[in-house]
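Here is my note on the model you asked me to look over.

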Amino acid sequence: MEQILSMLMSFLMVILNFFMSLIGGGTVSPPNNPIGGGESTVQIASYGWPLIHVSEITAGYPNYSSGGAHGGIDILLKDGTTEGEPFYACGAGTVIEVKNDNADNNGFGNYCVIDHGNGIRSKYCHAQSISVSQGASVKKGQMIGRIGHTGNATTSHLHLEFHKKDSSGTYNRDNPLTYVTNPYEGISIPASGGVFVFTVYGFGHGVGMSQLGAIAMANQGKSFSQILSAYYPGTTLVKDTTAAKTVNRGGSQITLVEFLCKTIAQEIGPSSPMEALKAQAVAAYTVAKANNDNFDSLQSYKSNFSYSGTNVEKAVLSVLNISSASETPQPYCLKYNNKYANTVYFASCPGKTTASKYVWGGDVAYLCGGVSSPETVSVSTKIYTKDDMKKLITNYSKNASLGSDPSTWIRILSQDKAYSEGIGYVVDMSVGGISMKGNTFRSSVLNNGIRSHCFTIQYIPAK
C-alpha cells in the first residue's frame, strides 16, 4: 500500500510541475526530509562506517556462515593490522553504557553503547580499549575506542550491532547494514603488487556556495538572498550601478546576460530551481568582479547553450534588474567592507572548498566555514596500483624519494576534521619526502583523479 501511495504522489508531482512550468511558476518540490547527523560543515547521512581504512565484513547478520545466530556484523581490516586500529562512532549520540572485559559481559569483552535518539542504538564490542565514558556526548566520526579481541573473540575484529526500539519500548537487534554501508565492498588486492586505496568524501563544502546545497535550499522555499547569506555570512546584497552591458570573455565582447546564462547553465544546471539559479548568477558575477573583472578563466561556460526564453534567462534578467539584454544592467552583487566579495563556489574552485586560511590565504570573514548545507556527502573509493602511484609521483617530481616500502611514500600530516574527527580536507602531507597541500596532491599528482581533497589513504600490500 505504501509503495502504491508513493508512486501516486510521484506521478501527481510530475503533473503539477508540468503545469507550473507552463505558467512560469518553476517547479514544486516534495516536502523536505532533513538529513540527520551533521556535526561537520555539511549535513551528512545519519550513520557512517566505523573504520576509516579498507575493511571487510567477515561474519554477517543474523547468522554465521556455519548457521549459528549472530546479532551483528564482524569487521576487520584487509591488510591484517586490525589490532589497535581506532574505531569511530557511527552517529552522534550519548554513550549510555561502557563495560570492561569481565565474566558478566556475555562474551562481548570491552564494549560501549551509543543512543542516537529516535529509538536507535549502536554497540561496539571486543575492543582493546574504550576511550569514552558513560554519559558522554559524542559526535559522528568521533574516535571511541581501539579494536581488540577481548571477550569471546579469537581474532581481532570489531563486532558492531544496531538496536531498534519496538512499540513496547524494547530494544531489539536489527541488521546493521540497514544503517551503515561498507564503502570498501568489493575491493580486491592483486597478487602482483599492493594498492593505494583512497576513500574520498565529497563534495562536502568547508566554505563557498555548494550548488547541491543551493538547490536543496531553494526546494525548501529559501530565496536567493537567503541562500547567499547562508554561504557568505556577513556580506551585503547590493545593486551594482556601475555595470556595463558587455564583458570580455575569450577576447570577445559579449553581453553580460549571455555570460551569466551560459555560465550558470554549466555551473549549476539549467533545470535547477529559480532561486538557486539566481543565487548562482549573483555569485558568478560577484566572483568575476572581485577578481579584477575576470570573466574568462574562473568559471565554466556552456558556450552552445540556447538560453532565450528559459528559466535561466528569466533568473539572470531578474538579478540584473532588467527586462532585456539591450537595457543597462544593475546586477545584484555581494560586497564586504564596500568591496566585491570573493564569492567562490564549488565548480569555480573544485576540491578547494576548505577553510580560507588553507586555500585563499588569511581568515576571510565570509569564507571561514561553519555553514550547514543540506547537501549529502557521497563517499567513494579510488584505487591506484603501486606501479601507477610510483609513476604519478615521479612524473610530478624526479626529486621524490620512494623507498622499498610503499606504505611510507605518502603520509597525511594534518587535516581539518571537516567531515568527522578522523576525516577532513587534507591540509599538509608528505609525498616522496616532498611537502605539499592536499589539493596540490589531488590536482597535480593525481591529475584530478579524485574529486575532493577530503580523503583518507591506505596502502595494502599484496597477500
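Which residue, with a positive phi, follows H6? The residue that follows H6 is Asn321, and its phi is positive, near 60 degrees.

1. Basis of the note. This is a predicted model, in which local features need pLDDT of at least 70 and side-chain atom pairs count only at pLDDT 80 or more, while totals for chains, interfaces and linings use all residues. Residues are numbered from 1 along each chain as its sequence is written, and side-chain values use heavy atoms, with hydrogens and water left out.

2. Overall make-up. The protein chain has 9 helices and 21 strands, where helices (H or I, at least four residues) and strands (E, at least two) are DSSP runs numbered from the N terminus. Of its 463 residues, 47% are buried; buried means under 20% relative accessible area, exposed over 50%, and partly exposed in between, with a 1.4 Å probe and protein chains only. Among contacts (heavy atoms within 4.5 Å) with a separation of 6 or more, 66% are between residues 24 or more positions apart.

3. The largest nonpolar core. A nonpolar core is a set of buried Ala, Val, Leu, Ile, Met, Phe, Trp, Tyr and Cys residues joined through side-chain atoms within 4.5 Å. The largest one has 47 residues, of which Met209, Ile227, Leu228, Tyr232, Leu256, Val257 and Leu260 touch the most other members. Two or more residues come from each of H2, H3, helix H4 (256-267), helix H5 (274-290), helix H6 (311-320) and strand E15 (332-336), and H5 gives the most, with 10 residues. Apart from this core lies another, of 37 residues, among them Trp49, Leu77, Ala89 and Tyr201. Leu228 touches Met209, Leu237, Ala279, Val282 and Leu334, if residues up to four places away in sequence are not counted.

4. H2 against H3. Helix H2 (residues 211-219) and helix H3 (residues 224-231) pack at an angle of about 135 degrees with their axes 10 Å apart; axes are lines fitted to C-alpha atoms, for helices over the stretch in contact, and angles run from 0 to 180 degrees between N-to-C directions. That angle makes H2 oblique to H3, since angles under 35 degrees count as roughly parallel, over 145 as roughly antiparallel, 65 to 115 as roughly perpendicular and the rest as oblique. Gly213, Ala214, Met217 and Ala218 of H2 make the contact with Ile227, Ala230 and Tyr231 of H3. By class, this contact has 6 nonpolar, 1 polar and no charged residues, with Ala, Val, Leu, Ile, Met, Phe, Trp, Tyr, Cys and Pro counted as nonpolar, Asp, Glu, Lys and Arg as charged, and the others, Gly among them, as polar.

5. H3 against H5. The axes of H3 and H5 come within 8 Å and cross at roughly 50 degrees, which makes H3 oblique to H5. On the H3 side Phe224, Ile227 and Leu228 take part, and they meet Glu275, Ala276, Lys278, Ala279 and Val282 in H5. The residues of this contact divide into 6 nonpolar, no polar and 2 charged.

6. H6 and its cover. H6 is mostly covered, with 7 of its 10 residues buried, and these are Val312, Glu313, Ala315, Val316, Leu317, Val319 and Leu320. What covers them includes H4, H5 and E15.

7. Backbone geometry to check. Most residues other than glycine have a negative phi, and most peptide bonds are trans. Asn118, in the loop between strand E5 (110-117) and strand E6 (120-130), has a positive phi of about 55 degrees, and at 82% relative accessibility Asn118 counts as exposed. His126 lies in strand E6 and has a positive phi near 65 degrees, but at 6% relative accessibility His126 counts as buried. A cis peptide bond, with omega about 5 degrees, joins Tyr61 and Pro62, and Pro62 is placed in the loop between strand E1 (55-59) and strand E2 (73-77).

8. Gln266. This residue is found in helix H4 and, at 39% relative accessibility, Gln266 counts as partly exposed. Gln266 touches Ser300, Tyr301 and Lys302, not counting residues up to four places away in sequence, while the C-alpha atoms of Gln266 and Phe305, 39 residues apart along the chain, are separated by 8.6 Å.
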